[in-house]
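Q: I have a structure open and would like to go through it step by step. May we begin with what surrounds one of the ligands?

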Amino acid sequence: MRNTRLDSIPRDEALHQLLTAVDFHPEKEEVSVSNACGRVTSHPVIAERSMPPHASAAMDGIAVQAEMLQGASLEKPVLLREGRDFIYINTGDLLPSAFDSVVMIEKVKVVDKDRVQVDEPVNPWKHVRQPGEDVAEGEVILSARHTIRPVDQGVLLAAGVEQVSVLRRPRVGILPTGSEMVPPGLPLERGQLREFNGTVFKSLLEECGAEPDYRGVVPDRKEILSQEISRAVDMCDMVVVNAGSSAGSRDFTPKVLQDLGDVLLHGVATRPGKPVVIAVVKGKPVLGLPGYPVSAYLSFDWFVRPLIQKWYGLGRDSVHVVSARLNQDVQGKMGAEDFIRMQTAYVNGEYVASPLPGGAGVTMSVVRAASWLRIPQDVQRYHAGERVTLELVKPLEAIRKTLLLAGCDDPLLDWLGAEASTCCPGWSIQREVMEEEEGWKRLRNGGCHALVVYRRAGTPDGFVRICIAERDMGWITGSTVSKPVTCAADLLRPGLRFINLPPGSGIRERIKRMLEAKQNVGSVPNGWERVETSHWKAAASLSEGTADVMVGPYSVAKHYGLIWRPAWVEPLDLIVPVTVWEETAGNTLKKILLSQAFRSAAQRLGGYNLSQMGQLV
Ligand SMILES: Nc1nc2c(c(=O)[nH]1)N[C@H]1C(S)=C(S)[C@@H](COP(=O)(O)OP(=O)(O)OC[C@H]3O[C@@H](n4cnc5c(N)ncnc54)[C@H](O)[C@@H]3O)O[C@H]1N2
Ligand code: MOO
């Protein structure tokens, strides 16, 4: 029987239950300091030797007895003979016991092969590093439970420590489940999916100092899952089972864990990430994390990372936040804590943010996110214009170098972003697809740096218009259509499944006008309300045969090998406020638009006239 009722335990409470149910006593092991980066010390570490071990020169020059230079002046310089009164010495050299100070070479006047002259006195121990100046034998150099960093490796070696006692790394079993999942490197057949959460977990585990044990994909068979979890529990200190944690007919993880040990809870009050199972088997934590990649990623952070911190007895990581103004309303779900992936940029001296589209299956939303907006369980909605606290994923410096473009979609704009960092190091471009009217509002409110439009009309005062390219738009059909589509009226052909761009997109308006001009007032193609947010995504549906026809740029048709018939040519312009255009952000845009890399990308994509690229129009 399936379990269709999930708990709704607040995340903090779920974590508390997990952390109080398990106890770790990691063994200690000795590792060589050169391999100790990232390891956690088991004891305080004491310096075994002083650094420097002996008095040594801190500057290049001559070693002298300070006494000899007493009273030296311009009028009465002191003459010194090499070997008797001084020796030449270099930074770091041992200071022979006959000397107590160093005179910098700049202050030494060479008289002849054996003699030098110095015309000022020197204090005893001047420019001499005393034994133990850096670290003295017996000093505590690192505390217990300290994560060793590169600089710590340096001090350990300096202090004569070659082997350091660290806590054993927890071995964490990774068990991706699903008969349709295929590990990286093996060919995929239709109906199969690439298993990638396992790799994400593996790297996250390495990042937090654990030893991942990727145990391969477990098929959807209850007995096998049970066997594999048991084995993993025997071999590892903790186990992460991925997918099969929800209410599907093949979601066996909760049941299997119940049979093998104690299930503490099944279901946390979060979106995404709800179907988490937390269990203890033979005293070891076993977590069933949801399969959707965003949910998997988040729930790893909520539960696995703190477990590893508990293993080592480390404190929790601090979260860096920024306060930003919301570009639009953001809706949470009743009774759950929401985690929204946010685009974040710095426009006209202010941080602004908008939610990224996509559900828990859209990994790209996490890839693109600069920050997270956490909506607590008791908040339902944040409003446009409201200031919210965002948890940073990218450093503020990267956010300050992010150009946010609103407006229409085109594959060429992906390449504007793709080439941004090549011609302007550190810079990136984020886009938000929206209708022109909405885009103008956004631009005027300072919610983005620039607006991409497909119509060339008058440019209001205070803005400049730059041509990106002219694009060839056409009627695109896939292999499901035998007779090509060559005009708007053809879209009405019975049986054709059209795929559209979101309301407000230029294509919608133009097709409507074209149909009206042909006396087709009120008729729309079958599938008019079926929407994809980008030309790429619409073309992917045509290529897979789940839609028959779309209207879009030549570039996507070419990429997918779809049939393309010309419909119209339109400009792709960028509207930028003068205040932005004349600042660093505007200069960066200019540089990318005029770069050879961007031009070459447009030529590769095909279907663009580049004669005015990057010019004010
Ligand atoms: N009737 C209900 N259906 C679902 C519910 C629910 O409460 N009632 N919850 C939904 C939510 S929320 C989530 S999250 C998913 C998670 O379910 P599972 O943990 O059982 O995951 P699967 O269904 O096996 O996988 C879903 C999906 O995730 C991708 N996936 C899975 N494993 C991997 C992997 N190792 N690497 C990459 N991608 C993976 C894949 O696209 C799967 O199709 O359930 C909803 N359903
Ligand atoms: O819990 Mo699911 O992870 O909401 O998407």
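A: Ligand 2 is surrounded by Arg271, Pro272, Gly273, Lys274, Pro275, Tyr292, Ser295 and Ala360. Please keep in mind that this is a predicted model.

Q: How does that shell around ligand 2 divide by class?
A: The shell consists of four nonpolar, two polar and two charged residues.

Q: Which side-chain contact does Ser295 make with ligand 2?
A: A polar side-chain atom of Ser295 lies 2.2 Å from an oxygen atom of the ligand.

Q: And what about the backbone of Gly273 and of Lys274?
A: For Gly273, a backbone N or O atom is 2.6 Å from an oxygen atom of ligand 2. For Lys274, a polar backbone atom lies 2.6 Å from an oxygen atom of ligand 2.

Q: What is the peptide bond between Arg271 and Pro272 like, cis or trans?
A: That bond is cis, with omega about -10°. Pro272 sits in the loop between strand S19 (270-271) and strand S20 (277-281).

Q: What about the bond from Met51 to Pro52, cis or trans?
A: The bond from Met51 to Pro52 is cis, and its omega is near -5°. Pro52 belongs to the loop between strand S2 (45-46) and strand S3 (56-57).

Q: While we are on the backbone, what is the phi of Trp125?
A: Trp125 has a positive phi of about 70°, although it is not a glycine. Its place is in the loop between strand S9 (115-118) and strand S10 (128-129).

Q: Back to the ligands: which residues come nearest to ligand 1?
A: Of the 18 residues around ligand 1, the nearest are Glu195, Phe196, Asn197, Ser245 and Gly291. By class, the shell holds eight nonpolar, seven polar and three charged residues.

Q: Which atoms does ligand 1 use towards Glu195 and Phe196?
A: A nitrogen atom of ligand 1 is 2.7 Å from a polar side-chain atom of Glu195. For Phe196, a polar backbone atom lies 3.0 Å from a nitrogen atom of ligand 1.

Q: And towards Tyr292?
A: There an oxygen atom of ligand 1 lies 3.3 Å from a polar backbone atom of Tyr292.

Q: How much of ligand 1 does the protein bury?
A: The protein buries 68% of the 870 Å² that ligand 1 exposes when taken alone.

Q: New topic: what is the volume of the largest pocket?
A: The volume of the largest pocket is about 1300 Å³. It is lined by 47 residues, and those closest to its centre are Pro357, Arg368, Arg431, Val433 and Thr533.

Q: Which element gives the most to that lining of the largest pocket?
A: S30 gives the most, with six residues. The lining of the largest pocket has 20 nonpolar, 15 polar and twelve charged residues.

Q: How much space lies in the second largest pocket?
A: The second largest pocket holds about 790 Å³ of space. Of its 24 lining residues, Asp301, Arg305, Ser318, Val319 and Glu391 are closest to its centre.

Q: Which element gives the most there, in the second largest pocket?
A: H6 does, with seven residues in the lining of the second largest pocket. Helix H6 spans 293-312. By class, this lining has twelve nonpolar, three polar and nine charged residues.

Q: Last topic: how many cavities of 30 Å³ or more are there?
A: There are two cavities of 30 Å³ or more.

Q: Which residues line the largest cavity?
A: Its lining is formed by Thr177, Pro219, Asp220, Leu225, Gly244, Arg250, Asp251, Phe252 and Thr253. They divide into three nonpolar, three polar and three charged residues.

Q: And which line the second largest cavity?
A: The second largest cavity is lined by Gln343, Thr344, Arg368, Ala370, Lys394, Thr402, Ser428 and Gln430. Strand S24 (337-347) and strand S30 (428-433) are the elements that give two or more residues to this lining.

Key
Residues are numbered from 1 along each chain as its sequence is written. Chains are lettered from A and ligands numbered from 1 in the order in which they are written. This is a predicted model: local features need pLDDT of at least 70, side-chain atom pairs count only at pLDDT 80 or more; totals for chains, interfaces and linings use all residues. Side-chain values use heavy atoms; hydrogens and water are left out. On a 1 Å grid over the protein atoms alone, a cavity is a set of points where a 1.4 Å probe fits but cannot get out, and a pocket is an open set with protein on both sides within 12 Å along at least five of seven lines; lining residues have an atom within 4 Å of a point. Grid points are joined across faces, edges and corners, and a volume is the space filled by probe spheres set on the points. Ala, Val, Leu, Ile, Met, Phe, Trp, Tyr, Cys and Pro count as nonpolar, Asp, Glu, Lys and Arg as charged, and the others, Gly among them, as polar. Helices (H or I, at least four residues) and strands (E, at least two) are DSSP runs, numbered from the N terminus. A residue is near a molecule or strand if one of its heavy atoms lies within 4 Å of it. A polar contact is a pair of N or O atoms within 3.5 Å; within protein, one must be able to donate a hydrogen and the other to accept it, and residues adjacent in sequence count only if both atoms are side-chain atoms. Accessible areas come from the Shrake-Rupley method with a 1.4 Å probe; for residues, only the protein chains shown count as cover.
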